[in-house]
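I opened my notebook to go through this structure piece by piece. Here is what I looked up, in the order I got to it.

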Amino acid sequence: MNSTRKSRTLTKKKPSDHLSPATRGASPCKIDGDSGRKIKLAAIHKALLSDPVDVATLRKLAISHGGLLNDELRRKAWPKLLNVNVFEIPPKPDADVTSHRDYHQVVLDVNRSLRRFPPGMRNDQREVLQEQLINVIVRVLLRNKQLHYYQGYHDICVTFLLVVGQDLAFALIEKLSTHHLRDFMDRTMDSTKHILNYLLPIIGKANPELREFMDRSTVGTVFALAWLITWYGHVLSDFRSVVRLYDFFLACHPLMPVYLAAAIVLHRETEVLSGECEMTYVHSLLSKIPQDLPFENLISRAGDLFVQYPPTALAKEARLQYKQSSTLSKHDEFEQTSLRQRPDTILRQRKKGKLTTSQLKDINKKEHSPVVKVAIWAITASVGAALFAVLNTAAEWM
Amino acid sequence: MEDKEESMKKDDGGEDILSSIESSSKQTRIFKIIVIGDSNVGKTCLTFRFCGGKFPEKTEATIGVDFREKTVDVNGETIKLQLWDTAGQERFRKSMVQHYYRNVHAVVFVYDMTKMNTFEGMPTWIEECERHSLSPDIPRILVGNKCDMNQKISVATSLAQKFADANQMPLFETSAKDDNEVDNVSAIFMTLAHKLKSQKPMMSNDYPVLHKYGSKEMKRAKVISIGREPSSRSAVCSRSTATSDGTSCSC
């Protein structure tokens with residue numbers, strides 16, 4: 001494709017017009033057969049309709065087997081996981097997107113992101129979505145001057161665009177960028193490097209032999225860089241796997257993508273240890289992520305690792321100034337406010353000005369059980385120390 | 001078609017390093033080459049073309065560092081070229097790519113012949129190398145990519161030649177995309193391979209013979225090099241025709 005982008009007229013087609021969940025292959029997930037799936041669907045709906053929205057349960061359901069099941073539910077649940085009111089999407093900035101310092105780089109990267117779009121999509125449809133993707137990205141950047149674009153950010157944004165459409169994607173990505181992805185969007189990549197520094201300590205705690213081997217090979221951690229900063233969107237070709245992982249990450253601590261990276265490396269232990277202990281070899285082996293990884297198992301493993309070796313316990317070794325990380329320090333507040341969301345039924349009425357006085361009562365006054373907060377980590381850990389660790393971690397977050 | 005695209009994801013155009021490393025004897029010399037330059041100049045496509053013989057239909061921005069490898073025969077010796085393909089965005093070069101400058105044997109600077117700003121970015125990349133204290137003895141080459149886009153060329157050969165000359169590098173102009181250029185792309189990397197094998201200075205008429213391509217005469221005069229005697233500052237080089245030897249210089 002030519003490096004220069006031709007200007008195109010934006011059509012008013014919504015992505016959903018040509019991207020219904022069915023055409024994107026929203027196949028039923030394997031969760032103990034149809035009845036299990038039905039139960040889960042009902043549970044997700046129930047959590048969404050609770051007032052306040054039962055975010056703790058929603059997180060649990062997003063993490064557990066199959067995640068949020070389909071894109072229709074994701075469109076409803078992802079905003080709740082990110083504490084975004086879908087009826088109050090931030091206004092689009094007036095400034096011309098082409099005026100932004102990163103505009104040129106965004107265009108270069110989006111033009112080359114053909115593989116991120118559903119195979120078989122018509123060129124003209126894809127081009128409309130690419131134009132939308134550029135606009136969404138640059139608008140977020142225009143509204144948040146402190147954020148710097150990085151190559152790979154577009155791989156995350158395209159996933160949101162394809163699932164929720166451009167308007168909602170804009171709101172979700174903005175929230176994500178000022179929280180989960182914030183450290184990646186500094187002017188330099190120093191914070192990103194710090195976050196990668198967690199990887200080897202996690203591997204080392206779980207498998208000292210493997211870590212020693214990796215250290216000896218001097219492989220470093222750059223093989224996992226694209227995994228981390230694109231939330232695996234850049235390295236997985238199956239869109240279903242990508243959105244499943246996004247369910248998981250949106251429900252979890254911002255460092256969870258690193259724990260998943262550790263789970264993947266640990267899963268490939270035998271391959272690594274049986275090969276040459278040499279930087280090129282190990283980098284090459286690990287950076288080519290197998291496309292048929294057992295993601296449900298790995299998600300579970302990542303959760304267990306998180307519970308056993310929480311970030312704060314690793315921070316010293318990771319040489320990470322935990323509290324100085326924007327992403328991590330803001331996470332506490334993010335967690336707190338997420339628990340005070342009204343369901344969409346209420347929000348819709350509020351927007352139309354049709355709420356009764358009792359419905360308008362301050363939701364902040366509602367009591368929250370500490371148990372609910374602890375439930376944020378929803379994976380059942382298989383180890384004895386797990387519960388203690390969950391409680392400790394939860395206490396530190398809250 | 002879809003299958004092909006899918007397989008691209010896994011097939012990064014290089015040899016299967018894992019099997020090749022296993023099968024290679026300890027005697028095989030390995031040369032590490034880092035490929036750098038601004039975003040979208042075609043670093044991935046060039047390395048893919050050389051290692052995999054084809055132009056990738058869908059390439060994406062490189063995030064961090066990718067790795068490709070090719071085993072070549074240089075005058076009877078099997079040597080392995082490891083190409084480290086790097087991200088072009090400045091933020092990556094500043095903190096992520098440093099690790100990969102260690103122990104490199106050669107550097108390939110790439111710019112896009114149709115984008116003046118990518119050529120103007122070259123001094124920054126050269127400084128970058130200096131910052132990583134790469135020895136001045138390490139072979140460096142300058143590659144202008146996308147020469148197939150005749151109508152859009154904005155970096156004149158003479159300008160690039162002057163720059164290459166000033167920085168004591170040979171200049172090559174080529175296209176990773178143009179199928180007719182495939183031998184040329186190979187010749188560029190083979191020139192480097194010969195240089196690495198012999199570690200002789202890259203002076204005029206000093207290029208080793210690329211017997212591998214000896215049977216096929218190259219059609220285009222795109223292999224350019226600088227001939228400069230140490231005493232002579234004359235930088236007037238004529239574009240030379242790549243001969244059946246693969247490379248030559250008629251400066």
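This is a predicted model: local features need pLDDT of at least 70, side-chain atom pairs count only at pLDDT 80 or more; totals for chains, interfaces and linings use all residues.

**Entry 1: a covered strand.** Buried here means under 20% relative accessible area, exposed means over 50%, and partly exposed lies in between, with a 1.4 Å probe and protein chains only. In a regular strand the side chains alternate between the two faces of the sheet. The strand spans residues 106-112 of chain B, and seven of its seven residues are buried. Strands are DSSP runs of E with at least two residues, helices are runs of H or I with at least four, and the numbering starts from the N terminus.

**Entry 2: its neighbours.** Which strands pair with β4(B)? Strand β1 of chain B (residues 29-36) runs parallel to β4(B), joined by four bridges. Strand β5 of chain B (residues 140-145) is parallel to β4(B) too, with six bridges. Two strands pair if DSSP finds at least two bridges between them. I noted a residue pair for each: B:V35 stands opposite B:V108, and B:V110 has B:V143 in β5(B) as its bridge partner.

Entry 3: Residues are numbered from 1 along each chain as its sequence is written, chains are lettered from A and ligands numbered from 1 in the order written, and side-chain values use heavy atoms, with hydrogens and water left out. pLDDT is the predictor's confidence in each residue, from 0 to 100. Chain B has a mean of 76, and 69% of its residues reach 70 or more. In chain B, pLDDT stays under 50 over residues 1-10 and again over residues 200-251. For the complex, the predictor gives an ipTM of 0.77 and a pTM of 0.79.

**Entry 4: chain A overall.** I moved to chain A and found 23 helices and zero strands. Of its 398 residues, 59% are buried. I also checked its contacts (heavy atoms within 4.5 Å): among those with a separation of 6 or more, 79% join residues 24 or more positions apart.

**Entry 5: one residue in a helix.** Is A:I137 buried or exposed? A:I137 counts as buried because its relative accessibility is 0%. Its place is in helix α6 of chain A, residues 123-143. Leaving out residues up to four places away in sequence, A:I137 touches A:V106, A:V110, A:Y149, A:Y153, A:H154 and A:C157. For A:H154, I read 17 residues apart in sequence and 7.3 Å C-alpha to C-alpha.

**Entry 6: where the chains meet.** How many residues of chain A are in contact with chain B? There are 52, and they meet 39 residues of chain B. A:R112, A:R115 and A:Q151 lose the most area on the chain A side, together 20% of what that side buries. The two chains bury about 3900 Å² between them, with 54% of it on carbon and sulfur atoms. Buried area is the accessible area (1.4 Å probe) that two parts lose on being put together, summed over both.
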